[in-house]
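Subject: Structure for you, with notes on charges

Hi,

Here is the structure I promised. Please open it next to these notes.

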Amino acid sequence: MQRSDYLLSQLDVLEAESIHIFREVAAEFERPVLLFSGGKDSLVMLRLAEKAFWPAPIPFPVMHVDTGHNFPEVIEFRDRRVAELGVRLVVASVQESIDQGRVVEQKGRRASRNRLQTTTLLDAIEEHRFDAAFGGARRDEEKARAKERVVSFRDEFGQWDPKNQRPELWNLYNTRITQGEHVRVFPLSNWTELDIWDYVRREGLELPPIYFAHTRRVFERDGLLLDAETGYANRGDDEPEFEAVVRYRTVGDASCTGAVKSNARTLDEVIEEIAATRITERGQTRADDRTSEAAMEDRKKEGYF
């Protein structure tokens, strides 16, 4: 007897779409890799990859582009989670790129290694011959990412040209590439920040502790609360540090990722806070995206995530 009342929740629909994308890419490409930072989006991707291939293990490695300026709590969590899953971790080091003369480290108060990740990422893709890289970008984050296809083509130089992307009709993805080209794949394209947190709660996923309210030494710059504990943000003498109860909405390079004042110490409190906010996580927390209206799009054209 057929059931006429079978309905899927929004999270079920998003999960099914993402699992289909993982399976499609694993079937079509020879050497996929999952870009993994230890943040909430990449942790959700790991859970989706687990479900996509269960009971078999995840059939591709995970890779972290390590700036060397990460929050220690996130690196500890990254290593522990990868060990629990038994997947292979590839670490692409920005510091090694600097030592080899591939990139030049920025100087000055606003110096950041965030942009240097592009060269490190492209070198790692070439070295390991990865032809598809799963990323955790979502279209709700900012304008450049809203233009992305789910399967986003990169040319032989690793560059993204928004005018040279393939049509994507329904869930039909063009996976054809030639030697030297690759694609970035975004299984979370249609998710929102609130969807991510709802999924974390439903699946009972553990997150790094800095996603929840805690006391931290910070200082203010351009309206952002930057970390004063790691020393990566190059605090000036005219930027006094102080203690505040904060949490991080996104995890990135400690030199340019701002915290937000918050008392949300539990998943339910974070979800309530996110549901009420009208500012995107990148707009509220990323100093490097405030340099210009097209900052992210410029970096993506160079080969950035």
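Below is what turned up on salt bridges and the surface.

This is a predicted model, so local features need pLDDT of at least 70, side-chain atom pairs count only at pLDDT 80 or more, and totals for chains, interfaces and linings use all residues. Numbering runs from 1 along each chain as its sequence is written, and side-chain values use heavy atoms, without hydrogens and water.

Salt bridges: the structure holds 33. The term means a side-chain nitrogen of Lys or Arg within 4 Å of a carboxyl oxygen of Asp or Glu.

- Glu15 pairs with Lys51, closest N and O atoms 2.7 Å apart. The pair joins helix H1 (residues 10-28) to helix H2 (residues 40-53), 36 residues apart. Helices here are DSSP runs of H or I, at least four residues; strands are runs of E, at least two; both are numbered from the N terminus. Glu15 is buried at 12% relative accessible area. (Buried is under 20%, exposed over 50%, partly exposed in between; 1.4 Å probe, protein chains only.) Lys51 is partly exposed at 31%.
- Asp222 pairs with Arg110, closest N and O atoms 2.9 Å apart. They sit 112 residues apart, each in a loop. Asp222 is exposed at 52%. Arg110 is exposed at 53%.
- Asp227 pairs with Arg216, closest N and O atoms 2.7 Å apart. This links strand E8 to strand E7. Asp227 is buried at 1%. Arg216 is buried at 2%.

There is also a salt-bridge network, whose members include Asp12, Glu15, Arg47, Lys51 and Glu206.

Best wishes
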